[in-house]
Each structure stands twice: as structure tokens, then as C-alpha cells.
Amino acid sequence: MSAGKKFRQALADHKPLQIVGTINAYSAMMAKQIGHQAIYLSGGGVANASYGLPDLGMTSLNDVIVDVQRITAACDLPLLVDIDTGWGGAFNIAKTIRDMEKAGAAAVHIEDQVAQKRCGHRPNKEIVSVEEMVDRIKAAVDARRDPDFFIMARTDSFAQEGLEAAIARAKAYVAAGADGIFAEAVKTEEHYRAFAEALDVPILANITEFGQTELWNKEQLGEWGAAMVLYPLSAFRAMNKAAENVYRSILETGDQKAVVDTMQTRMDLYDYLGYHDYEQKLDKLFSEGKNK
């Protein structure tokens, strides 16, 4: 089964489908073993974690594809990838889609911000015309080789143009071939219901912390018509806070005793990695070598 088919199957099996952010390969392995069915790679997360940069469109296709390859090599859950604005014109977008498929991604979302983009939950975003975004979507759809590869259109227009215009844009994006709609930074039950009632494709709710949207529960969002609920950087933020506490404690106290209970144990780390299976294989190889 292709990665795209896995994503569509997970979407059909879970209403709504929870999609959790995995900042690296190990996080993806943890998410799978805990029981999640779909994972996500945030463009902002790649910029922050892999390159020490803000989420301002400063990373490239090549920067993101490296992390996609690392995650898909370690975990077979369907991976949704943030491809920002597609990194250029029609030819660049086509290359992005083909490279994402080759790297093992199951789905992508492409947005209608200008190339000099901002975080979706920050003020002063600028968006391109409907016509330009429609061209982006058509270029993406035409480029995919697996018909199940899922191409989602993200609209950042709600904050600038309001609900009615944002829905009009979403309709145009679906007509251009988008398989789903990512309605960025919408806020209320009314907004979600309006998108769901106007469109006949799956709607994604981005439930990101410290943003414009309340931390709605998946049951509420499902009732309001959301087919996917995204938690893009929840675990990453938790990791960062935990690391900050450890760094401070070591500096202030001279050791890590006060925070060791907040750490993942060596055995838990090994369990997620399957370390002991590797070790037993190594022991067997050494044993066979000694018997020769």
C-alpha cells in the first residue's frame, strides 16, 4: 500500500483523524508505538529545530526533504508534510511534489501566503491572489504520480478577508484539485461548521498552542465537521520546556538530581528503539564468530 493510500485509509477509519507533529525520526517512532495513526512534519518545526531559524520561509525544499527522509526511513505511519508555498513557481512546485513522493511522504499542504511568509497565527500575513493559488494547486496535482498522494490546500485568508471570502477561496482550491482544506487560524464552532457545510472534502483543524484557536477537543471538532485534527508542535514544545528545565537545573545546582525524575529512562529509550533486538543479534553474530 502506498503512503498516500495509507493516509486516505487512516482518514476513512478515524473520524476525526488525529495527526501529531513529530520533529524527528525518534519522535515518529514514539508516536507510532503509543498508538497514533498519522504523523506530521511542520515547516516551522524544521526551521526551528533543525536550522535554528524562525518560521519565516527561510528554509528550502532540500532542508525539509532531509527530515522527511529520516522520518519515513524509521516509521511507516503516513506522514503529512508542510511544504509552505511550494518553494517557487509551477516547475518548482512540481519538483517539490515528486521529491516528497520519492522521500516517502503521504500527504502535503501548500498555502496561499506570499513567499515571504509568516507563521499562520501571527499578524500581518500577506496572501496571493486566488488565481495564483489555484495555479499552485494545479501544478501540484498535475505533478503527483501516485493518485492517492494527498494534496491539501491551506488558506490563511480568514484573518485578512473574513469567513465568507475564505470559504470562497477554499471552494476555488477544491475546484482546482485540492483533496482537502486546511483552514488556518479559524476560531469558533460557527467557523468550522461553515467550512464543513460549504465543502465536500475533508477539513483540517489546526489546534496549535499559544495561537489564535482554542484548544478544542477532537470530539467537538468532529461534531463541527473537522475530518482531521492537527497538533503540529505540541510534543516539540514539551521537549523544549523539559530541556530548558534540565539545562537550568544543571547550571544552578551542579548536578541533575533534581530533574532526573522528569527524564525518559535509558530503558524506555531502548524500548522505543528496539535496542535489545539489535543487541541480541550482535551477541549472536559474535557467538557464531567465536565458534568458528
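Biologist: Let's start with one arginine: at its relative accessibility, does R169 count as buried or exposed?

Modeller: Buried: R169 has a relative accessibility of 6%, and the cut-off for buried is under 20%, so that's where the arginine falls. Bear in mind that this is a predicted model.

Now for what R169 is doing in there. Its partner is D112, and the two form a salt bridge in which the closest N and O atoms are 3.5 Å apart. The aspartate sits in the loop between strand 4 (107–111) and helix 6 (130–143), while R169 belongs to helix 8 (residues 163–175), so the pair ties together parts that are 57 residues apart in sequence. D112 counts as buried too, because its relative accessibility is 0%. In general, side chains of opposite charge can pair when their charged atoms come close.

For another setting, have a look at helix 11 (residues 234–253). E244 has two partners there. One is K241, with the closest N and O atoms 3.1 Å apart; these two are three residues apart in the helix, so about one helical turn separates them. The other is R248, where the N to O distance is 3.7 Å. E244 and R248 are four residues apart in helix 11, again about one turn.

Zooming out a bit, the whole structure holds 16 salt bridges. Some of them join up: R8, R144, D148 and D179 are linked in a network.

Helix 2 brings Y26, M29, M30, Q33 and I34 to the contact, and helix 12 brings D268, L269, D271, Y272 and L273. By type, the residues in this contact split into seven nonpolar, one polar and two charged.

Methods:
Residues numbered from 1 in each chain as written. Predicted model: local features only at pLDDT ≥ 70, side-chain atom pairs only at ≥ 80, totals over all residues. Heavy atoms only, no water. Contact = heavy atoms within 4.5 Å. Nonpolar A, V, L, I, M, F, W, Y, C, P; charged D, E, K, R; others polar. Salt bridge = Lys/Arg side-chain N within 4 Å of Asp/Glu carboxyl O. Buried < 20%, exposed > 50% of the residue type's maximum accessible area, 1.4 Å probe, protein only.
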